[in-house]
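Here is a set of questions and answers on a single protein chain. The sequence and coordinates come first, and the discussion follows.

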Amino acid sequence: MHRTPHSSPHLRVVSVLGLLAALLLPLGMTFAPRATAAPAADPVRVMPLGDSITGSPGCWRAVLWNRLVDSGYKDIDFVGTLPPQGCGQAHDGDNEGHGGELVTHVADQNLLPGRLASTRPDIVVMHFGTNDVWSSISPDRILAAYTTLVAQMRASNPDMRILVAQLIPMNPSSCAACAQRVVDFNARIPGWSRATGTDRSPVTVVDQWTGFSTAADTYDGVHPNASGDNKIAARWFPPLAAALDAGVPPGPGGPGDPGGDPVACTARFRAVSTWQGGYQGEVTVTNTSASAVPGWTATVVPANGARLTQVWNGALTTAADGTATVTNAAWNGTLAPGASATFGFVASAPATAGTPAATVTCAGRAPAG
């Protein structure tokens, strides 16, 4: 039997609305679109990359995450294809720290591109190569793997910012030669970084070796204990905070373009107090230009084998040769003409170092044009 189809209630409502619209349009009346909230800015995505020191459980990541959050960095997202692995404190535990992995294997097997595609990081924080050094792989081959990974990072994101660690010391009972191998490999990283970094995609070396003790800061001569986690996080924090503050790396005519040459400033060093094996110092940065500056960077080259180990009122990065770069904190970067900012530091020094001394220079960041 043929049945006449009935209109559904939904279709009848649509028809009524269509008729209403047709009646109102001649009168100049239209339905205004519903307002929608502007989308929130995407968080900056940070990939911790490495082996078990990074991922199993890699509790320095938890310490670093919480220090960033406590310092006001809210729009960040640690990313990786691996989930959190413990640590006993709330944090964003996503990571790319694969236990036992060799950086040369990751490069040879082309493993990183898929991980990058899944996580799309803006910044990579890389402590990678301990297993390669343990396996007596040559520094040349490890650095070639680093170069491969950097190229893959930039293929994923041309503006990738990359922080590369000089490895923490290693002294396992089964490898008497490992301690010196780490020293030899770390000595090669700054030169590799200078040849590999670009203005658009900078490579920053972070000294994780100096001041780290396998006896006090690891539980097996290789993997960090709680003390080691705190030291690793403390070394990562200043350069990572600087990368987060920088946003998109400046390029000609692009976002963050400094708009000119560095603005003139002066830096003055003085020793505050001294003791056997170290001293406290401070550096005063003064804007000597006729324009206000939104930020500054000071370079400190301590004399007689001293090394800066702690800084306040600024963010510290230390090169392998002991040269320290200090950038302003979030609250003391803007200097009016003639205004000054002071940061303090603690330096370790050989017992025979004598009177503290340092060569200091600075550059003010030009206002955006």
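**Sheets, burial and helix packing**

Q: In what order do the strands of the open sheet of 4 strands with antiparallel pairing lie?
A: Strands here are DSSP runs of E with at least two residues, helices are runs of H or I with at least four, and both are numbered from the N terminus. Two strands pair if DSSP finds at least two bridges between them. On that basis the open sheet has 4 strands with antiparallel pairing, in the order 11-12-9-14.

Q: Which are the edge strands of this sheet?
A: An edge strand pairs on one side only. The twist of the sheet averages 20° from one strand to the next. The edge strands are strand 11 and strand 14 (358-365).

Q: What is the bridge partner of Gly295 in strand 14?
A: Strand 9 (residues 295-302) pairs with strand 14 in the antiparallel sense, over 8 bridges. The bridge partner of Gly295 in strand 14 is Arg365.

The model itself needs a word before going on. It is predicted, so local features need pLDDT of at least 70 and side-chain atom pairs count only at pLDDT 80 or more, while totals for chains, interfaces and linings use all residues. Residues are numbered from 1 along each chain as its sequence is written, and side-chain values use heavy atoms, with hydrogens and water left out.

Q: Is Ala315 buried or exposed?
A: Ala315 lies in strand 11 (residues 314-318). Buried means under 20% relative accessible area, exposed over 50%, and partly exposed in between, with a 1.4 Å probe and protein chains only. Ala315 has 16% relative accessibility, so it counts as buried.

Q: Which residues does Ala315 touch, not counting residues up to four places away in sequence?
A: Contact means heavy atoms within 4.5 Å. The C-alpha atoms of Ala315 and Thr297, 18 residues apart along the chain, are separated by 9.4 Å. With residues up to four places away in sequence not counted, Ala315 touches Pro238, Thr325, Val326 and Thr327.

Q: How many of the 7 residues of strand 1 are buried?
A: Strand 1 covers residues 44-50 and is largely enclosed by the rest of the structure. In the protein chain, 43% of the 369 residues count as buried. For strand 1, the number of buried residues is 6 of the 7.

Q: Which residue in strand 3 is the bridge partner of Leu49?
A: Strand 1 runs parallel to strand 4 (residues 123-127), joined by 5 bridges, and in strand 4 the bridge partner of Leu49 is Met126. Strand 1 also runs parallel to strand 3 (residues 96-97), joined by 2 bridges. In strand 3, the bridge partner of Leu49 is Glu96.

Q: How do the residues of the contact of helix 5 with helix 7 divide into nonpolar, polar and charged?
A: Leu112, Pro113 and Leu116 in helix 5 meet Leu149, Gln152, Met153 and Ser156 in helix 7. Ala, Val, Leu, Ile, Met, Phe, Trp, Tyr, Cys and Pro count as nonpolar, Asp, Glu, Lys and Arg as charged, and the others, Gly among them, as polar. The contact therefore divides into 5 nonpolar, 2 polar and no charged.

Technical notes: Axes are lines fitted to C-alpha atoms, for helices over the stretch in contact, and angles run from 0 to 180 degrees between N-to-C directions.
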